[in-house]
Amino acid sequence: MPDIVKITDLRKAYADGFEALKGVSLNIREGEILALLGPNGAGKTTLISTICGITTGTGGSVTVGGFDTVNDYRGARSMIGLVPQEINLEPFEKVISTVRFSRGLFGKPKDDAAVEKILRQLSLWDKKDSQIRALSGGMKRRVLIAKALAHEPRVLFLDEPTAGVDVELRRDMWNIVADLKASGVTIILTTHYIEEAEAIADRIGVIAHGELLLVEDKDTLMSRMGKKQLVVQLTQPIDAIPDSLVSDALTLSDDGHALIYSYDTRAERTGITKLLSDVAAAGLVLSDLETSQSSLEDIFVDLVKEDAA
Ligand SMILES: Nc1ncnc2c1ncn2[C@@H]1O[C@H](COP(=O)(O)OP(=O)(O)OP(=O)(O)O)[C@@H](O)[C@H]1O
């Protein structure tokens, strides 16, 4: 798929001199779901706001659908829908008028069929004549998405779409995002929730301290960095790993009670059988064995920790 968003060496220094983006380069492919993961204050909202033209960068460039977000602002903006973090709806407005109004703001001609399609896609058609204030929190979030889609953008940004929502609504939002992708919309979402990125993203970008630490296909990331560990509990603690067992894959726990062996689950030979016979040959008696698989969360925590070191 061709790239629909191209971000080149994007920098943003706020008026107080704080550098919130320190040269971010990233290309987003048409039709993908990209999750931007990062701790509080990492620069996620700044990145989205700069792409959407809500703030201006202090260096670098961004194009959306070939339009430069500064020199060709209107062109770029027409390609983008933005679902903000906060619910900012007019309580007495009807659902359908809210969506029609947003469409009008972009200078798009009135098109009842297009509005109906959007409302149906978000299961809001039955509520089209309800006032916003009469809707549940979940419905209001759907209206925010409908508004962002009103001018039929090709790229949709969702800033923390499920912050503070319950589990059921979170799953609902994930289904909506999957449907939107199926209809051809490119989706970029920011999230604190690793399980959210794990559940719905095609690619994951990790951002911390204004830098993009990595961007990679989710599955590749999980298998490249997701190691499995075998923990061999010993009946008696030892001070050091016996010479016959020393290898890069083996470490000793701090209390000397366990040997921790890291291995790649995809490898043809994991080396576990040899390890266990070497452990026995070294005269060590094991009391228990357990395995653990690193999750995206471990990978993320390691990355952010490395960056801070
Ligand atoms: N207007 C501003 N002036 C000065 N600094 C700002 C301004 N807006 C944001 N920042 C700082 O820029 C950094 C990045 O903020 P940003 O909101 O982009 O992070 P974020 O990753 O979206 O965080 P969160 O997950 O908490 O929303 C933070 O340290 C923040 O304090």
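Reader: Which residues are around the ligand in this model?

Author: A residue is near a molecule if its C-beta atom, placed from the backbone, lies within 6 Å of it. Here that gives Tyr 14, Asp 16, Phe 18, Ala 20, Gly 38, Asn 40, Gly 41, Ala 42, Gly 43, Lys 44, Thr 45 and Thr 46. Keep in mind that this is a predicted model: local features need pLDDT of at least 70, side-chain atom pairs count only at pLDDT 80 or more, and totals for chains, interfaces and linings use all residues. Residues are numbered from 1 along each chain as its sequence is written.

Reader: How many residues of each class does the shell around the ligand have?

Author: Ala, Val, Leu, Ile, Met, Phe, Trp, Tyr, Cys and Pro count as nonpolar, Asp, Glu, Lys and Arg as charged, and the others, Gly among them, as polar. The shell has 6 polar, 4 nonpolar and 2 charged residues.

Reader: Which helix gives the most to the shell?

Author: Helices (H or I, at least four residues) and strands (E, at least two) are DSSP runs, numbered from the N terminus. Helix H1 (residues 44-51) gives the most, with 3 residues.

Reader: And which residues of H1 are buried?

Author: Count C-beta atoms, placed from the backbone: a residue is buried if 20 or more others lie within 10 Å of its own, exposed if 12 or fewer, and partly exposed in between. In H1, 6 of 8 residues are buried, namely Lys 44, Thr 46, Leu 47, Ile 48, Thr 50 and Ile 51. Just after H1, Gly 53 takes a positive phi of about 80 degrees.

Reader: Is Ala 182 buried or exposed?

Author: Ala 182 counts as exposed because it has 9 C-beta neighbours inside 10 Å. You'll find Ala 182 in helix H6 (residues 167-182).

Reader: Which residues touch the most other members in the largest nonpolar core?

Author: In soluble globular proteins, nonpolar side chains tend to be buried together. A nonpolar core is a set of buried Ala, Val, Leu, Ile, Met, Phe, Trp, Tyr and Cys residues joined through C-beta atoms within 7 Å. Of the 60 residues in the largest one, Ala 35, Ala 146, Val 155, Leu 156 and Phe 157 touch the most other members. Helix H5 (residues 137-149) brings the largest share of this core, 6 residues.

Reader: How does strand E6 (residues 80-83) point its residues?

Author: Ile 80 and Leu 82 point one way, Gly 81 and Val 83 the other way, and all are buried.
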